[in-house]
Amino acid sequence: MDFILNFWVELGAWFGGLLSSWGLPPWAVDLIADFLGVLILVVCGVMAVLIFTPMERKVIARMQDRPGPNRVWPYGLLQAIADAIKMLTKEDIIPTNADRALHMLAPLIVAIPALLLFAVLPWGPGLIGANLNVGILFIVAVGTIHVLAVLVAGWGSNNKFSLLSAFRVVNQLLAYEIPMVLCILTVVLFTGTMKTQGIVEAQTVPYFIVMPVAALIFLISALAEANRSPVDLLEADSEIVAGYMVEYSGMKFAMFFIAEYVNMFATGIIFATLFLGGWKFFGLEDVAPVLTPVIVFLKATFVIFLMLWFRATYPRMRFDHLVGFAWKFLVPLALVNLFLGAAVVKITANVWGQAVLMLVGNIVLAAAALFIVNRAARKLKDAPALKRIVAVER
Amino acid sequence: MTLLSDYNFIGVFVVVAVIFPFVALGMAWLLRPKKPNPVKSDTYECGLQTFGDTWVQFRAQYYIYALVFVVFDIEAVFLFPWAVAYNKLPLWALFEAALFLGILTVGLVYAWRKGALRWQ
Amino acid sequence: MEFTMTHVVFLILSAVALIGAVGVVTARKLFHAALFLVLSFIGVAGFYILLEVEFLAMVQLLVYVGAISILIIFAIMLSRRMMAPDVEARNEQWLLGLGAAGVLLAILVFVLLNVQWPVTESQLPPETISYLGMALLSPDLFLLVFEVASVLLLVALVGAVIIAREK
């Protein structure tokens, strides 16, 4: 029974023993074990695309009261495979005068950081690719490579729309990076370590209860980093016609899409790790550690469901509203939240005391922020120019 | 050297992650038709011919946003070691960091008031 | 001198960084030069990992690859049209330049081989970031530097806003 409950850890140990018993030197055992782990994680990540693409279309369709894809297999669940076959067999068109090297480089660069994120995500008490000392910082650093890929794609397409959209996407990504990093800092304040396993283990109370404002800011910023609605102005089909991806066809376009969905899945897991308690579930992880990957997957699916819900519900935001919202609302709010967190951690060392104080502080902060925004919006409503905006703008 | 052995994993991961798009694109290269055609290879402009060179009015505002981002990025970088060591530091670490954050908030407010964050 | 995995990794990273550096100065298109610079930055980040200062490696990726290279590319786009003619990466003084570079190489090799570089024998603790944090914030170590850094960032921000607003 113990073998079943601790299945993953036992499996890893058994496999390591098997490899050494074949007479391989220890570095080869490590290398093969690493390689298999990497393969499993990469396959896991790509599976996410296969699962979440039809899920997204079905969920949004149901929210809009229509059936969604339902041709491929009952309920259209294998739609992603049909899409993959379609993408594989489309002709690859490279526009004239485009920089061929850059045009081909961008899909490669965009897929790598999305996959690399899976190396530091915790799936269970002993299940992690590499428990780096700087786990969370690794996630942030790797995420910024995506920005570069967008610029290369935009420039390499020799297309005005592509370039314009690339500039705007980069600005959006940069603007929402800072609130994300500040919220991560607030979490690290409470846990005292940057290791992803450490953050999960330190959450006796899940952090979205302790600091809901930080969780919300992180969710919004992660949405914007993934270029999802309601902030996908720059890659939506009805807007700038897929923006920086417009000159890509076939598998290269699929690379951008795969990167987006893998990124979404990784963001779901990161949010679950930081704010939802990771692989913990009211003690289930002590009873049956074999179920922890399932717990993580379900939490990530919940976060993705939230993202899809946002997409189906909200209209798109204009670009200047977008960046104004990030710089003028989210960054000051995240800064104040960070300071509040620092104060709370020093006031009391008791975990429950910190949780209660931080929650109260967050509620007060949220109320104050909404009050200020309301007052500023009302002042603008009474102004001669009738502008309804989202952010405080003077 | 357990530190570097963690990075062995990352190294293998980087190699596999770099190979993966090549494999995918290679499969596509084998499977897809190749019939280039001058009309197909034209730059996309909603069905019209492109006018003039590809040149977009690059507004300085894009650059300013990137500049402000760099400053706040480095601020966040300085705050990471503080956040990790925070539990072991005495109380006045809070005030030191408050001073640091305060100075940079002054910068943010300055940029805001001078309209550097406004999209014209 | 034994030939371990560390040496192999060091050679690979050196190759990456050097190819990047050579690419920067010999690329014909400016955008390609910027991308080679990014490659060089990534190589340097790898060096930091080899030296077991992983925090600096991540900061290198985050700040240099994620922010500064974007600034550089924006500056390129601000000043160039996409179809600008390719720039030939050499001029008539290349022989003089080769001579100067050779002298510099000789000096560097001489210094590298003849200086007694202090090598610490102690093992680094498994987690260095909390020590870095404590060092940054203790008054007798680097607190003043920490606060001056924030003033420096403020000056940079104010200066950037002033210069950019004059347009």
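Into which domains is chain C divided? Select residues 1-83 of chain C for domain 1, then 127-167 for domain 2; these bounds come from an automatic or database domain assignment.

Before going on, some housekeeping. What you have open is a predicted model, where local features need pLDDT of at least 70, side-chain atom pairs count only at pLDDT 80 or more, and totals for chains, interfaces and linings use all residues. Residues are numbered from 1 along each chain as its sequence is written, while chains are lettered from A and ligands numbered from 1 in the order in which they are written.

You'll find 6 helices and 0 strands, running α-α-α-α-α-α from the N terminus (helices are DSSP runs of H or I with at least four residues, strands are runs of E with at least two, both numbered from the N terminus). The radius of gyration of chain C is 21 Å, well over the 15 Å from the globule rule for 167 residues, so chain C is more spread out than a compact globule (the radius is taken over C-alpha atoms, and the rule is 2.2 Å times the number of residues to the power 0.38). Zoom out to see the C-alpha trace of chain C span about 55 × 50 × 30 Å along its principal axes.

In chain C, 25% of the 167 residues are buried, meaning 20 or more other C-beta atoms, placed from the backbone, lie within 10 Å of the residue's own.

Last stop: select chain B. Here there are 3 helices and 0 strands, in the order α-α-α from the N terminus, and 38% of the 120 residues of chain B count as buried.

Terms used
Buried ≥ 20, exposed ≤ 12 C-beta atoms within 10 Å, placed from the backbone.
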